[in-house]
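I opened my notebook for a first look at this structure. Here is what I looked up, entry by entry.

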Amino acid sequence: EVYSKTFNTIDGAVKWFSRALDSHPAGPIRREFNKLIEWGCLRKLEDDTYQVTDLGKIARDLYLDPYDIYTWKQNFSIVEKNDRWECPATLAWAIASETKMYRFDYVPSNLRQLNRQMKFEFDLMTKITNEAYVATIFYRLAKDKIESYMHRNYDIATAAHLQTLLKDSGRVFNALKRISILQKWDREEDFEVIKARVVHGVGKHLVELVKIPGIGGTIATQLYKAGFRTLNDIVEKKTYFIKPDNFEV
């Protein structure tokens, strides 16, 4: 509402919410404004009006929680500072830890061992949260052999959260790339690689192949085993590969 100029002051917000949602005390609204300032999504100007920051615009444009935008900025700042872009566990932590989107209240029994193994990788952190989700994301990031991931014996809750991750991956990674641009990390391509690995469950060696429209992890693996390592390999051999639904590459 601040972005669309519905209001840009505390008093304006109180009056607007009073009309839209019956009475609304100023205290809670003021606290929400302060939170948004703390998260870097709003700024208070000298005339006591408020303005949406570039970070806040990412949340607004992509309909994501401002706290998650702030958290991703904080998490990946640590990754950048420590140059940990090649560590899958660290990247998994940065994507999922502390976010509202990936809040998961327990660690399923079939992920506990993996989670214990991952803790040895988390030397950047003071605490670990959302452990089950971090573990499942890490599992996808770390896999170098494509298998039917969703057919593994995960419980219903874990499978449901993984589906949420896949459904929202476009918005999430668009946000991460925009944060990278704002912070001048120059890591937009890194986020494209992470996205491909999360969505398709593949190792880095298959990322270029899954960028081909209609090609997922299974067919990318088949192409790789047949000697096709890059897009140029496919173009130069001028070979057509047919998916089961007759999709031509």
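**Helices H4 and H5**

I began with a pair of helices and found that H4 and H5 cross in a right-handed way. I keep in mind that I am reading a predicted model. H4 covers residues 66-81 and H5 covers residues 88-96, and their axes come within 8 Å and cross at roughly 160°. An angle over 145 degrees counts as roughly antiparallel, so H4 and H5 are roughly antiparallel to each other.

Next I asked myself which residues make the contact between H4 and H5. From H4 I noted Trp72, Asn75, Phe76, Ile78 and Val79, and from H5 I noted Thr90, Leu91, Trp93, Ala94 and Ile95. Sorted by class, this contact has eight nonpolar residues, two polar ones and no charged ones.

**How covered is H5?**

I then checked how many residues of H5 are buried. Eight of its nine residues are, and I wrote H5 down as mostly covered. The buried ones are Ala89, Thr90, Leu91, Ala92, Trp93, Ala94, Ile95 and Ala96. Thr90, Leu91, Trp93, Ala94 and Ile95 were already in my entry on the contact with H4. Just after H5 I came to Glu98, which takes a positive phi of about 75°.

**The other partner, H3**

I went back to H4 and looked at how helix H3, residues 54-62, packs with it. The angle is about 125°, and the axes are 9 Å apart. That makes H3 oblique to H4. The crossing of H3 past H4 is right-handed.

Where do H3 and H4 meet? I found Leu55, Ile58 and Ala59 on the H3 side, and Pro66, Ile69 and Lys73 on the H4 side. By class, I have five nonpolar residues here, no polar ones and one charged one.

**A look at Leu176**

I picked Leu176, found in helix H8, which runs over residues 156-183. Is Leu176 buried or exposed? Its relative accessibility is 1%, and buried means under 20%, so Leu176 counts as buried.

I also asked which residues Leu176 is in contact with, leaving aside its neighbours within four places in sequence. They are Trp72, Phe76 and Phe191. Leu176 and Trp72 are 104 residues apart in sequence, yet their C-alpha atoms are 7.2 Å apart in space.

**Helix H11**

My next stop was H11, residues 217-225, where Gly217, Ile219, Ala220, Thr221 and Leu223 are buried. I wanted to know which helices these buried residues pack against. I found helix H9 (188-200), helix H10 (207-210) and helix H12 (231-237). After H11 comes Gly227, and its phi is positive, near 105°.

**Stepping back**

Last, I looked at the whole protein and listed 12 helices and two strands. Of the 249 residues, 41% are buried.

I looked at contacts too, taking residues at least 6 apart in sequence, and noted that 54% of these contacts join residues at least 24 apart. The accessible surface comes to about 13900 Å², and carbon and sulfur atoms account for 50% of it.

Technical notes. Residues numbered from 1 in each chain as written. Predicted model: local features only at pLDDT ≥ 70, side-chain atom pairs only at ≥ 80, totals over all residues. Heavy atoms only, no water. Axes fitted to C-alpha atoms, helices over the stretch in contact; angles between N-to-C directions. Helix = DSSP H or I, 4+ residues; strand = E, 2+ residues; numbered from the N terminus. Parallel < 35°, antiparallel > 145°, perpendicular 65-115°, else oblique. Left-handed = near helix turned anticlockwise from the far one by under 90°. Contact = heavy atoms within 4.5 Å. Nonpolar A, V, L, I, M, F, W, Y, C, P; charged D, E, K, R; others polar. Buried < 20%, exposed > 50% of the residue type's maximum accessible area, 1.4 Å probe, protein only. Areas by Shrake-Rupley, 256 points an atom, 1.4 Å probe, with all protein chains shown as cover.
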